[in-house]
Each structure stands twice: as structure tokens, then as C-alpha cells.
Amino acid sequence: MVLPADPGFAAHAVTHTFLPAYRRALHHRDLNTVLSALERIRGEHQTLKTIKDSGRYSNAVPLGDSRLIAGMERDFADHAWLEFRHILEHAPLLLSRCRPAATADPTTVQH
């Protein structure tokens, strides 16, 4: 990072160029973290659904015992929770930055 020698110009560059770029980079990183976690949860859920619908493991072995499905559902819930922690950490701030330009709800105040 190169800053002008003049303190005023340097402060302006940091405030108006570097900090906004840094904030955008953090925002995109957090957004990608949430999107990746959601995608992993979605993929795991789709795999579980496919196995349950087919009645067979992914290697074609029949499930036969309902306790196996319950165990698979618990495993899915455990994995999903680990991924969901990323969403809990980053999504509130991301959602707070989402402001619709217009809304059909007359009680919503536009800023």
C-alpha cells in the first residue's frame, strides 16, 4: 500500500479508498462463507433424501433397519449444525446490510 507523503491526503486515501475496499473484501468473504455453508448443508440433505427415498445406501446396500435411517438423520443434523454455526456467525451482519429499495409492506419505513 502506497500512501501520499502529505498526512491529509494519506488520511483521505485511507478513509475513502483503503477502508471501503477492506470492508467490501470482508463482506464478500463473510458472504462466501455463508453461501458455502448453505451449499454444503443442501448437498448433505440432498444425499440423505436420495438415500432415504431409494431405501439404499449410496453403495446400493439396502437400508433394511429404520434405526440406520435415524442414525443417518442424526449424523446429518450434527454436520448441518457445524456448518450452520458459520451462518449464525456471519448472516446477521450480512442481513442487516440488506435493505430493499421498495417494499409492499406499508408499515416498513424506507431509509
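**Overview and side chains**

Reply: Of the 111 residues in the protein chain, 16% are buried, where buried means under 20% relative accessible area, exposed over 50% and partly exposed in between (1.4 Å probe, protein chains only). This is a predicted model, in which local features need pLDDT of at least 70 and side-chain atom pairs count only at pLDDT 80 or more, while totals for chains, interfaces and linings use all residues. Residues are numbered from 1 along each chain as its sequence is written, and side-chain values use heavy atoms, with hydrogens and water left out.

Me: How many helices and strands are in the protein chain?

Reply: The chain has 2 helices and 0 strands. Those are DSSP runs numbered from the N terminus (helices: H or I, at least four residues; strands: E, at least two).

Me: OK, which residues make up the largest nonpolar core?

Reply: There are 12 residues in it: Val34, Ala37, Ile41, Leu48, Ile51, Leu63, Met72, Phe76, Ala80, Ile87, Ala91 and Leu94. A nonpolar core here is a set of buried Ala, Val, Leu, Ile, Met, Phe, Trp, Tyr and Cys residues joined through side-chain atoms within 4.5 Å.

Me: And which elements give two or more residues to this core?

Reply: Helix 1 (7–54) and helix 2 (66–96) do. Helix 2 gives the most, with 6 residues.

Me: Zooming in, what does Leu48 touch?

Reply: Not counting residues up to four places away in sequence, Leu48 touches Met72, Glu73 and Phe76. Contact means heavy atoms within 4.5 Å.

Me: Switching to Asp30: buried or exposed?

Reply: Asp30 is buried, at 10% relative accessible area. This residue is found in helix 1.

Me: What does the side chain of Asp30 make a polar contact with?

Reply: The side chain of Arg29, at 2.8 Å. A polar contact is a pair of N or O atoms within 3.5 Å; within protein, one must be able to donate a hydrogen and the other to accept it, and residues adjacent in sequence count only if both atoms are side-chain atoms. Leaving aside neighbours within four places in sequence, Asp30 is also in contact with His90 and Leu94.

Me: Now charges. How many salt bridges does a search of the whole structure find?

Reply: The search finds 5, counting a side-chain nitrogen of Lys or Arg within 4 Å of a carboxyl oxygen of Asp or Glu. One of them pairs Glu73 with Lys52, with the closest N and O atoms 2.5 Å apart. Glu73 lies in helix 2 and Lys52 in helix 1, so this pair ties together parts that are 21 residues apart in sequence.

Me: How exposed is Glu73, and what about Lys52?

Reply: Glu73 is partly exposed, with a relative accessible area of 32%. Lys52 is partly exposed as well, at 36%.

Me: Which salt bridge does Lys49 form?

Reply: Lys49 meets Asp53 in a salt bridge (2.8 Å, N to O). Both lie in helix 1, 4 residues apart, about one turn of the helix. Lys49 is partly exposed at 39% relative accessible area, whereas Asp53 is exposed at 57%.

Me: Last topic: which residues form a nonpolar patch on the surface?

Reply: Trp81, Leu82, Phe84 and Leu88, with about 390 Å² of accessible area together. Patches are made of residues with over 30% relative accessible area and no salt bridge: like charges are joined within 9 Å, nonpolar side chains (Val, Leu, Ile, Met, Phe, Trp, Tyr) within 5 Å. Accessible areas come from the Shrake-Rupley method with a 1.4 Å probe; for residues, only the protein chains shown count as cover. Trp81 lies in helix 2 and counts as partly exposed at 47% relative accessibility.
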